Amino acid sequence: MPTDVLDARIIALFTDEPRMSVLEASHTLQVARATVQARLDRMQKAGVISGWGPRIDPAALGYSVLAYCSLTISQDIGHDAVVAALSRIPEIQEIHTVSGESDLLARVAARSNPDLQRVIDSIVATRTIVRSSSVIVLNTHFDGRTLPLLEAASGTDPALLSAADPA
C-alpha cells in the first residue's frame, strides 16, 4: 500500500504516544479528526498497522535471557506438526521458517542460562527437532524498529515525522 508524508507522521505520532486519542492526534498534526481516523482505518485494513496491543517486556517478567535458536526439523513430520508441538512451549516468542542450514528460527526468552538449557531441552523433547543451535543476545541496540522503513516507503524526510507542523 502506498503511504505518504501524512501517513508517516500519523504512525510516528502513535508510535511515540500509543495511548493518544485520535482527537488529540488531529490537534497535534493540525488535520481533521476524520482524516486521521480514515487514514488509521485504511492503514489497518491494508495491514500496514498490524495491531494496537501493549508490548510486553519479558525481562520485566523475570525472563532476562534472550536467545535465537536455529532448529533443524525432522523432515518426515512437516512444518505444521513441528510448529504445533513448539507452540506449547511458552518461552518461545516467535518462530519463523527460514532458508539456509536450519529450517526454523525461534526467539526464546528464559530466566537464566540454566533456564535456557531447560527450554532448549523441552524443544528437543518434542521429538520434532533433529538439531538445535543457539546464540544468546548480549545487548539489544534497537528492537521492533519500523519507522525508518516507513520513511523509505513513503519517501518521507525523517525531520518531517516530528509531531509539530513541518511548515
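Good morning. I begin with two helices: the axes of helix H1 (residues 5–16) and helix H6 (residues 147–154) come within 10 Å of each other and cross at roughly 170°. Helices (H or I, at least four residues) and strands (E, at least two) are DSSP runs, numbered from the N terminus. Axes are lines fitted to C-alpha atoms, for helices over the stretch in contact, and angles run from 0 to 180 degrees between N-to-C directions. H1 and H6 are therefore roughly antiparallel to each other; angles under 35 degrees count as roughly parallel, over 145 as roughly antiparallel, 65 to 115 as roughly perpendicular and the rest as oblique.

From H1, the contact (heavy atoms within 4.5 Å) involves Ala-8, Ile-11, Ala-12 and Thr-15, and from H6 it involves Leu-147, Leu-150 and Ser-154. By class, five of these residues are nonpolar, two are polar and none is charged. Here Ala, Val, Leu, Ile, Met, Phe, Trp, Tyr, Cys and Pro count as nonpolar, Asp, Glu, Lys and Arg as charged, and the others, Gly among them, as polar.

A word on the model itself. This is a predicted model, in which local features need pLDDT of at least 70 and side-chain atom pairs count only at pLDDT 80 or more, while totals for chains, interfaces and linings use all residues. Residues are numbered from 1 along each chain as its sequence is written, and side-chain values use heavy atoms, with hydrogens and water left out.

The pLDDT is the predictor's confidence in each residue, from 0 to 100. The protein averages 91, and 95% of the residues score at least 70.

Two strands pair if DSSP finds at least two bridges between them.

How many bridges join strand E1 (residues 65–73) to E3? There are seven, in the antiparallel sense. E2 and E3 also pair in the antiparallel sense, over five bridges. Leu-104 of E3 is the bridge partner of Leu-71 and also of Thr-97, while Val-108 of E3 is the bridge partner of Ile-92. E3 is mostly covered, with six of its seven residues buried; buried means under 20% relative accessible area, exposed over 50%, partly exposed in between (1.4 Å probe, protein chains only).

Finally, the loops. The hairpin of E2 and E3 has six residues between the strands, and Gly-100 there takes a positive phi near 110°. Ser-102 lies in the loop between strand E2 (92–97) and strand E3 (104–110). Is Ser-102 buried or exposed? Its relative accessible area is 13%, so Ser-102 is buried. Beyond residues up to four places away in sequence, Ser-102 touches Ser-70, Leu-71 and Thr-72.

Ser-74 lies in the loop between E1 and H4 and counts as buried, at 16% relative accessibility. Leaving aside neighbours within four places in sequence, Ser-74 is in contact with Thr-128 and Val-130.
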